[in-house]
Amino acid sequence: MIKSLPNLYSFLRLPEKIVSCITKNIGNYYLPKLKPKKKYGDFQRDNWGNIKYRELFVPDFILKSRQQYIARLLNQVHLPHYMYGSIEGKNNIQNAQQHLNKKYFLTIDLKNFFTNINHHQVYKMFYLLGFSPSVSRVLTQLTTYQASLPQGAPSSPVIANLIFLNTADKLYALAKSNNITFTTFLDDLTFSSNYDFKDIVPKIISFISDDRFQVAYEKIHYRKDYCEITGLFVKGGVLELPYVMQNKVRLNYCLRAYKNLVQQYNQSAKAYPL
């Protein structure tokens with residue numbers, strides 16, 4: 001990893017003066033943006049019918065391009081097989097596919113996943129990966145905003161994966177010792193088994209909370225026989241699109257292509273069962 005500031009400036013393809021200007025005036029390089037939340041192609045609404053929004057901080061070109069450099073560098077760090085979110089060559093279909101032919105399911109969402117990760121955690125992550133203290137400090141300044149990971153920055157997903165890794169490893173070890181399959185897709189955690197494991201759920205939640213990640217308690221679901229996992233329904237040995245999406249397939253080319261892709265994964269699962 002990068003050990004000196006001159007090497008960092010060379011990696012970023014920016015002179016020290018420009019990097020210093022960015023880090024000292026970081027607020028000038030982000031544009032706040034409200035993005036409507038959607039599910040199955042429709043706007044999500046609150047109890048009063050108002051559209052829900054996600055707050056993003058979108059970096060300008062010069063900062064975004066450097067965050068992409070940083071993301072590509074961090075993507076070289078090997079992540080475990082059970083992680084699927086924002087990892088090259090993996091997707092939400094593969095994540096759901098790991099839970100085929102299971103009977104019991106637990107899904108947990110982490111609340112404010114990016115913004116609950118603070119700049120101290122980001123600095124520690126860079127330092128433990130082998131970056132020098134001075135380089136870790138500058139990289140932290142370039143990838144955090146208002147003391148946390150900003151939603152909208154291309155470097156945030158890989159950084160979040162790396163910081164959550166320690167907690168995820170604990171959850172994986174707990175799951176494995178109890179014959180449970182465990183996967184993550186960024187802030188979506190899924191557990192499945194052919195055995196009822198409801199009694200272990202409090203321990204799973206405590207592992208997450210003890211490491212200061214917040215659980216969205218209203219989005220905890222424990223189900224039997226079928227489950228929605230990262231946008232798909234797992235029913236026995238088959239993945240299915242939600243009913244709302246299936247009704248739109250005929251009129252939407254992108255959805256039709258997505259359905260065909262899901263069907264290809266179903267066929268591969270039958271040919272090469274997990």
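The legends below describe an overall view and several close-up views of a predicted model. Residues are numbered from 1 along each chain as its sequence is written, and side-chain values rest on heavy atoms, with hydrogens and water left out. Because the model is predicted, local features need pLDDT of at least 70 and side-chain atom pairs count only at pLDDT 80 or more, whereas totals for chains, interfaces and linings use all residues.

View 1. Helices (H or I, at least four residues) and strands (E, at least two) are DSSP runs, numbered from the N terminus.

**View 2. The tilted aromatic pair of F113 and F213**. The structure holds 15 aromatic pairs, in which rings of Phe, Tyr and Trp (its six-membered ring) have centres within 6.5 Å, with planes under 30 degrees apart counted as stacked, over 60 as edge-to-face and the rest as tilted. In the pair of F113 and F213, the distance is 6.2 Å centre to centre, with 40° between the planes. The pair links distant parts of the chain, 100 residues apart, with F113 in the loop between β5 (104-109) and α5 (119-128) and F213 in the loop between α8 (201-210) and β8 (221-224). Both F113 and F213 are buried.

**View 3. The edge-to-face pair of F164 and F213**. The ring centres of F164 and F213 lie 4.9 Å apart and their planes stand at 90°, so the pair is edge-to-face. F164 belongs to helix α7 (residues 156-177), whereas F213 is in the loop between α8 and β8, so the pair ties together parts that are 49 residues apart in sequence. Both F164 and F213 are buried.

**View 4. An aromatic cluster of Y82, Y172, F182 and F191**. These residues, Y82, Y172, F182 and F191, form one cluster.

**View 5. K90 over the face of Y84**. A charge sits over a ring if NZ of Lys or CZ of Arg is within 6 Å of the ring centre and within 35 degrees of the ring normal. K90 lies at 4.5 Å from the ring centre of Y84.

Notes:
Buried means under 20% relative accessible area, exposed over 50%, partly exposed in between (1.4 Å probe, protein chains only).
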